[in-house]
Amino acid sequence: MTDQTAIPTGVDLREEIDRLRKERNAVILAHYYQKPELQDLADFVGDSLELSRKAAETDADVIAFCGVKFMADTAKILSPEKIVVLPDMDAGCSLEDSCPPDKFRAFREKHPDHIALTYINCSTEVKALSDVIVTSSSAETILSQIPEDQPIIFGPDRHLGGYLNRKFNRDMLLWPGVCIVHEAFSEKELLKLKAQHPDAPIAAHPECPPVIIDHADHVGSTSSILQFAKTFTGDTLIVATEPHIIHQMEKALPEKTFLGAPGADGNCNCNICPYMALNTMEKLYLCLRDLEPRIEIEEQLRLDAKKSLDKMLEMASGTIGKGDLGDPDGD
């Protein structure tokens, strides 16, 4: 059992994390939805696939992924020779949970003429059952390359799939999964906030329901929303995604105001991802100290899952630098 009593605090905790980072030759990754203190000490902050690809390019021996499990799994798929640790193994994802591999396999078997275009927010097993993985920024590029007469299963996010269906006039068969964070936004409360700030544009993630997307001035991945925040005219932006991304916006543009889109209770607190919130500085320290909990993937499963990721990279090379596949700043 891990000794919890020896965890340093405050400045000492930050210094110990830095010491362990050097000692372990570790790279620390933090998703945009992580707490600000984790974002601020990370070597790289970004979208899930972007982070995994950057980590794969480093000479680090250890990847500490401050995110959720499917993200750390993706890092291990792309960097099998590296030790990959996750501060809290219970940091899951409602989209991954909504799509059990056995049910997804059975669903595919019922529709043998369909190819599976699958959102990266899924388990390694579901990736292995898929033809092409997509991210929220590469999905449009990939879908545009698939003939219109080719039947497609899209999962696990029905809102992202529905958004793509509407935008491209497609009829993809949608798996019924949703992200609990993006489901929590309230159209009524959003319109009330918009009435208070009529000149403020709305930027929304495509995991949001149609009633939110319909009011958005910009729809895109987390990196795409961050880029929009850097380029929009005006001084106030309403942001309809997990509110911790606002930390990066405020750092880059302290002179502007960023408002989290509200939930049904009128504030954005209900839209904080409970899974992302499980990671803490203390848990990061422990996982670097103990190199546990560790991500392990059976090799054949890893190779099967990597095929669908490789297919995405092959089809979506043009999206590099425009979201999940690259640095939003272009460097």
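Predicted model: local features only at pLDDT ≥ 70, side-chain atom pairs only at ≥ 80, totals over all residues.
User: OK, how many helices and strands does the protein chain have?

Analyst: The protein chain has 16 helices and 12 strands, where helices (H or I, at least four residues) and strands (E, at least two) are DSSP runs numbered from the N terminus. Its radius of gyration is 20 Å, close to the 20 Å that the globule rule gives for 331 residues, so the chain is as compact as a globular protein of that length. That radius is taken over C-alpha atoms, and the globule rule is 2.2 Å times the number of residues to the power 0.38. Along its principal axes the C-alpha trace spans about 55 × 50 × 35 Å.

User: And what share of the residues is buried?

Analyst: Buried residues make up 56% of the 331 residues, with buried meaning under 20% relative accessible area, exposed over 50% and partly exposed in between (1.4 Å probe, protein chains only). As for contacts, meaning heavy atoms within 4.5 Å, residues 24 or more positions apart account for 64% of those with a separation of 6 or more.

User: Switching to aromatics, how many pairs does a search of the whole structure find?

Analyst: The search finds 3 aromatic pairs; rings of Phe, Tyr and Trp (its six-membered ring) pair if their centres lie within 6.5 Å, and planes under 30 degrees apart count as stacked, over 60 as edge-to-face and the rest as tilted. Phe 107 and Trp 175 form an edge-to-face pair, at 5.3 Å centre to centre and with 85° between the planes. Phe 107 lies in helix 6 (residues 101–110) and Trp 175 in the loop between strand 8 (173–174) and helix 10 (180–183), so the pair ties together parts that are 68 residues apart in sequence.

User: Are those two buried or exposed?

Analyst: Both Phe 107 and Trp 175 are buried, and together with Phe 104 they form one aromatic cluster. Phe 228 and Phe 232 form a stacked pair, with 6.0 Å centre to centre and 25° between the planes; Phe 228 counts as buried at 18% relative accessibility, as does Phe 232 at 6%.

User: Phe 228 is in helix 13, so how many of that helix's residues are buried?

Analyst: In helix 13 (residues 222–231), 7 of the 10 residues are buried, so the helix is largely enclosed by the rest of the structure. Among the buried ones are Ile 225, Leu 226 and Phe 228, and the buried residues of this helix pack against elements including helix 3 (48–57), strand 11 (236–240) and helix 14 (246–252).

User: What about helix 15, what covers its buried residues?

Analyst: The cover includes helix 1 (10–23), strand 1 (26–31), helix 2 (36–41), strand 3 (62–66) and strand 4 (83–85). Helix 15 (residues 281–290) has Met 281, Leu 284, Tyr 285, Leu 286, Cys 287 and Leu 288 buried, and it is followed by Leu 291, whose phi is positive, near 55°.

User: Last one: where is Asn 169, the non-glycine with a positive phi?

Analyst: Asn 169, whose phi is about 55°, sits in the loop between helix 9 and strand 8 and is exposed, with a relative accessible area of 73%. Asn 25 likewise has a positive phi, near 50°, lies in the loop between helix 1 and strand 1, and counts as partly exposed at 30% relative accessibility.

Technical notes:
Residues numbered from 1 in each chain as written. Heavy atoms only, no water.
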